[in-house]
Amino acid sequence: MQTENWIEIEHEFYLQTAKRLPVILDHGEGTKVWDTDGKEYLDFVGGIAVTSLGHAHPVIVEALTRQAKKLITTSNYYYTVPQLKLAKLLCEVSGMDKVFFCNSGAEAVEGLIKLARKWGKEKRDGAYEIIVAENAFHGRTLATVTASANERYRAPFTPLVEGFPRVPFNDVAAIKAATTGKTVAVLLEPLQGEGGVNVPDDDYLPAVRRWCDEAGILLLLDEVQTGAGRTGKVFCYQHYDIEPDAVAVAKALAGGVPIGAFLAKDSAALLTPGEHGTTFGGNALACEVGYEVLKYMLDNDLPGQVTKRGAYLERRLLSLADRQPMVTEVRGKGLIWAIELDHPASEEIVARCLKEGLLVNAVKPTALRFVPPFTVSEAELGQAVDIVERVLGEMPEEK
Ligand SMILES: Cc1ncc(COP(=O)(O)O)c(C=O)c1O
């Protein structure tokens, strides 16, 4: 069937919530994907910061096929080895004590919220408010969309969930000022992904940690986008020598197979049997893949490679910014980067990059985001920046 026919079918049968680009992706390998017409693209979107080992990585393919033939899911009425070996490894690498597996980022953050509310009932006199940040993104469930900042994502669904006061990001004084007897926790992304790749000052998270200790409230980190290696450490908080009380992780964890998890210190993990649950979460298939991906990442020092490749990408983007006045800022860490533009042109640039064989995403109207796989080569990083430079050079003058 022709591309146009599939696009018509999408319009007719799929709930119109996604603004899609006019391309049907068919298969991938490493950093590359191909569409149904056989055209090749460099994939710097990677399922939105998901495909940590690139497409069709043999470790993932092998774990998926082996486990699918053996056992896909059992429910959590029973023990399975894949779930438990991933639980142990994740706790060891995160410094947390307990884990709960789910299927997505939003579910993982929802778990953090429920964990904090339970803790507030038992340890802080029923406190339930969770301080969140401007430009935050935490997911699309009712509670996580409330915790998120984007008004467009929230307005159609009022009344929202109560108890999420908002403060500017990267401003510890604002958190202090917003803390009251009702406050149970602070919930932050260590580096804001969907908000535009906003990297806080180095002393921000340590200062927030100190404040949470002083005030007797929990520090919850949403590492759905930054966790599992993306910033050059397994968890982004490890750059700052701190630990949260609980953390959410998802996207990169199983390299593309849907999985989410929240982890907590024993002191915060007060949920008891029956208080939380899931049908698919912790299934043997996703956990086996998650285990193999994480083990491969650790055995091959992929976080180290992310740091090296990230430094190269940063250099290339900075030198692009030197030559191209439209680029006003370059920001990121590890292998999550954005360039800020001097006017809202990112959607047009994304469409032009697509034609040139590069998938990138318009994280804001004025910013482009790059989240390649951890296995990306220097040559591929260079090619991607070359395409962006060519496209920027051909953009019409701003009127
Ligand atoms: C920081 C953060 N939290 C939560 C989510 C929600 O994850 P999901 O789309 O898997 O529900 C995202 C997704 O982009 C995210 O970046």
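Buried means under 20% relative accessible area, exposed over 50%, and partly exposed in between, using a 1.4 Å probe and protein chains only. With that in hand, select F235: at 0% relative accessibility, F235 counts as buried.

A quick word on what you have open. This is a predicted model, where local features need pLDDT of at least 70 and side-chain atom pairs count only at pLDDT 80 or more, while totals for chains, interfaces and linings use all residues. Residues are numbered from 1 along each chain as its sequence is written, and side-chain values use heavy atoms, with hydrogens and water left out.

Next, the aromatic rings. The structure holds five aromatic pairs (Phe, Tyr or Trp rings, the six-membered one for Trp, with centres within 6.5 Å; planes under 30 degrees apart are stacked, over 60 edge-to-face, the rest tilted). Pick F100 and F262, a stacked pair at 5.3 Å centre to centre with 25° between the planes. F100 is partly exposed at 21%, whereas F262 is buried at 4%.

Now go to the ligand. Residues around it (a heavy atom within 4 Å) include S104, H138, E189 and K251. Look for polar contacts, meaning pairs of N or O atoms within 3.5 Å: a polar side-chain atom of Q225 lies 2.8 Å from a ligand oxygen, and a polar backbone atom of F137 is 3.4 Å from a ligand nitrogen.

Last stop: S148, buried at 0%.

Methods. Polar contact = N/O pair within 3.5 Å; in protein donor to acceptor, adjacent residues only side chain to side chain.
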